[in-house]
Amino acid sequence: MRLSANQLYAELKKAFCGAGYDFASADDIAQAGQFMAQLGHDISDEVSASLAAGYGLATSPHKAGDGWQLPLDASLPDMLAGRDFYLSDDSLTLHCEALNYPLLSHGLMALAQSPYFWSFATADAQPLTTICQGHHKTIPQTLMLRKIAFHPGAALSMPVRVVVSDSCYELVSHYAYKTYVPSSEASRAAGAGAGLTDND
Amino acid sequence: MQQTQATCQQDDALTLRPASDVMRLPALGASFAHRLSFKRTLIRALHSQKAELRLHEVALNDEGFGHAVLVMPFHGKEYALIAYSRPLADAERTDRVIATAWDASFCLFDGIPSAADVAQLSEEVTHQEAGQYHEKVMTLSRANKSVRLFAHVVDALAEGQQPDHDKIAAIGYLMRTTAVYGNGKFGIADRDVIKNYPGLDGPFRAEMLTVYLIREFTFLLAEHVAKARGGAEATSLHPVMRRNLGVGNSTGLGMAPFLIHHPNLLHSWIMVRETAIARTRQRAALSSDEQQIYHKLADRVQAHLEQWQVDDAGYHSIIAQLRKEWTALRSVLDDHLASSYPFEALFTYASTRGDDFTALMASFIMEYQSEICDGLEDCMTQARAPLLEPAMTMSQLHKIIQQHYQWALAIDISKSEARQQFWYVSEEKLEPRLGDATKEAGQDKEMPFAIAHYIADLLTQMDSLGSDATVAELLLRYPQSRFIVRRLQNTAHFPYAEIAGNLVGAECRPIDLLRCKLSFFGASKFDPRSDRWTRITMFQGAPSAAELSDPQADDWAFWVVAPPALSSPSEMA
């Protein structure tokens, strides 16, 4: 299914809220999903799987050597928590293995560090480096699962149409629907504009 | 004075009013349109571009049903309003989101649509939210007729007469829009696309252009039906009558959540307005010509207030008080205008007379200050999205709460009325609604607007950590607080981003939020139908497309509806 990028973002945000995520986490993941979809990645499987898995903080990120270690098969909330620690101390690195949702995780990391402009230095077999206001951080090799072909500092012209599978969008809509309140005669009657004549 | 992003930072030489004052709900709910409102900046842009509207296609039957395509060239591109007019039974005419049919439906098209485009979009656009659109569609809108005024205007024109200006003054528009969608909704073009189009980079610029073209369509429609009925005897709207007619709009709760969901955009808008006010207050003196211009504007304000008629008892009182205070001002106005720092004197005078008079004065004093105000609109876009700062310590977070959220700390959240209302989206056509928690189910699905309550919870959570603990540590233990922490941190950078009021309290009046946003659009003649629903008028007094090249095209603030014999703003008081 072909959508506007903003339409995907808005639906993803509602869907993750509907799946039990808190509002800000849902917002972050929706941004990451939109971003990766705009880069041409098919996020359908990851979105479907993470929605079905629901909210869950499996195991806390914990200190390990010179940085933080994410649990195996980290959930998206784990990834967010790990990202927080990673960004809270310039001297630390983040170690993670066997990511369940590599695309969305990658998007979460990239957007957190580069809010003003997305700049990536990438090359095959090289670790991904994000650059934000002159500050460099390296994400470990294990996160380097897909190539993102941008050059540092280049102005981005992001695609404005994105594609997700029909089944994924159906699932997203299903979860988004959970954020809506069932209508009743009482709520309809209390809605803005109710009872007013519009034939004047 | 063109601005750049680099000059969009707060000017330290200016003293802006504090957020604790400006962002109160009663202050926001008193806002007036001003010279930096989006409708004003659009008209100036069209004027500077010497934009000339052309009718690309008119395929309407004698009753006015069919379609029309209006094309507006702008900054080297062409944009087309495709308008579909359909019969509508009175029983189906509702301005609410839950409507499924309208008198007219519209889209703004990127370029010139082919006949196939117009035919293909016909089914989609007339069903609005039920359609799925492509990126050539930039906005989507619909409107219903003001049945009484539309019929009167058509009758008059068919008989070769101009409509009664008193009737126009009482209503002000031939149609009122009930929604204008943009930014990727239902698959239409994202703002990220539109913002790169020259001239459409400002907030809601494409939506404003849509509404302006809808106004032109309403003239076309009324004249077309009148001509079909009256034949050779029929006449067209006099240019002054066109100016007297704006576009109506019915606005409900859907507009309010936008302000909470886009805090940094709200900050930008308020910051720009406050900067314009502060710069204006610094004017040391006015020439005698300038004093005379403001004297005439004061006459217009007086007449405009007289023509602002509403049924709502609360607003009726507010307007009556404004008229009284404006009359009193006249006795000292000339002295203030002739004094040193005249606008500072006037603003100080107004500031002791309540929010409504202060807001009116703000719009009044900045009206002719193009040299120091224009260009600030370039700073009205969102600088960045709110960003979590995980390294921040609890002590730093405490300081932010103390500095920026005293209004929240002052709320007694133990009282049930402090959380009596909840904002939600109904599954019925996704209509935004406001529920009463004591009577309705659904609070578990509310939108996250209970800021004061979240802060109270957060403070308890922070107490369980040391003052040096970081936000990262806090959120690992209390991940549900990510939203409020990010919001607090953001407010430290963008103080006008947060509304200083309890949006879920029993006393919250959504109309205050609606009016704040609508004032930036440029709405006038606020006509509340309840505390959560208002009608307004847009572009009343604006030059019609045929008058865009008029050198006085920008002089239409506080428009006063008058008969054609009085043909310029300065003569209308």
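Analyst: Leu237(B) touches Val153(B), Leu157(B), Gln162(B), Pro163(B), Phe219(B), Glu223(B), Arg242(B) and Leu245(B), leaving out residues up to four places away in sequence; contact here means heavy atoms within 4.5 Å. This is a predicted model, in which local features need pLDDT of at least 70 and side-chain atom pairs count only at pLDDT 80 or more, while totals for chains, interfaces and linings use all residues. Residues are numbered from 1 along each chain as its sequence is written, chains are lettered from A and ligands numbered from 1 in the order in which they are written, and side-chain values use heavy atoms, with hydrogens and water left out.

You will find Leu237(B) in the loop between helix H8 (205-230) and helix H9 (239-244) of chain B. Helices (H or I, at least four residues) and strands (E, at least two) are DSSP runs, numbered from the N terminus. Leu237(B) has a relative accessible area of 5%, so it is buried; buried means under 20% relative accessible area, exposed over 50%, and partly exposed in between, using a 1.4 Å probe and protein chains only. From Leu237(B) to His67(B) there are 170 residues in sequence and 21 Å in space, C-alpha to C-alpha.

Asp110(B) belongs to strand E4 (residues 104-110) of chain B and counts as buried because its relative accessibility is 8%. Its side chain makes polar contacts with the side chains of Lys77(B), at 3.2 Å, and Tyr197(B), at 2.6 Å. A polar contact is a pair of N or O atoms within 3.5 Å; within protein, one must be able to donate a hydrogen and the other to accept it, and residues adjacent in sequence count only if both atoms are side-chain atoms. Beyond its neighbours within four places in sequence, Asp110(B) is in contact with Lys77(B), Glu78(B), Tyr79(B), Lys136(B), Met138(B) and Tyr197(B).

Val22(B) sits in helix H1 (residues 19-22) of chain B and, at 3% relative accessibility, counts as buried. Setting aside neighbours within four places in sequence, the residues in contact with Val22(B) include Ile270(B), Arg273(B) and Tyr496(B).

Helix H11 (residues 263-281) of chain B packs against helix H15 (residues 355-366) of chain B at an angle of about 65 degrees, with their axes 10 Å apart. Axes are lines fitted to C-alpha atoms, for helices over the stretch in contact, and angles run from 0 to 180 degrees between N-to-C directions. H11(B) and H15(B) are therefore roughly perpendicular to each other; angles under 35 degrees count as roughly parallel, over 145 as roughly antiparallel, 65 to 115 as roughly perpendicular and the rest as oblique. From H11(B), Arg273(B), Ala276(B), Ile277(B), Thr280(B) and Arg281(B) take part in the contact, and from H15(B), Ala362(B), Ile365(B) and Met366(B).

One more pair is worth a visit. Helix H17 (residues 394-404) of chain B and helix H21 (residues 482-493) of chain B have axes that come within 10 Å and cross at roughly 65 degrees, which makes H17(B) roughly perpendicular to H21(B). Here Leu397(B), Ile400(B), Ile401(B) and His404(B) of H17(B) meet Val485(B), Leu488(B), Gln489(B), Thr491(B) and Ala492(B) of H21(B).
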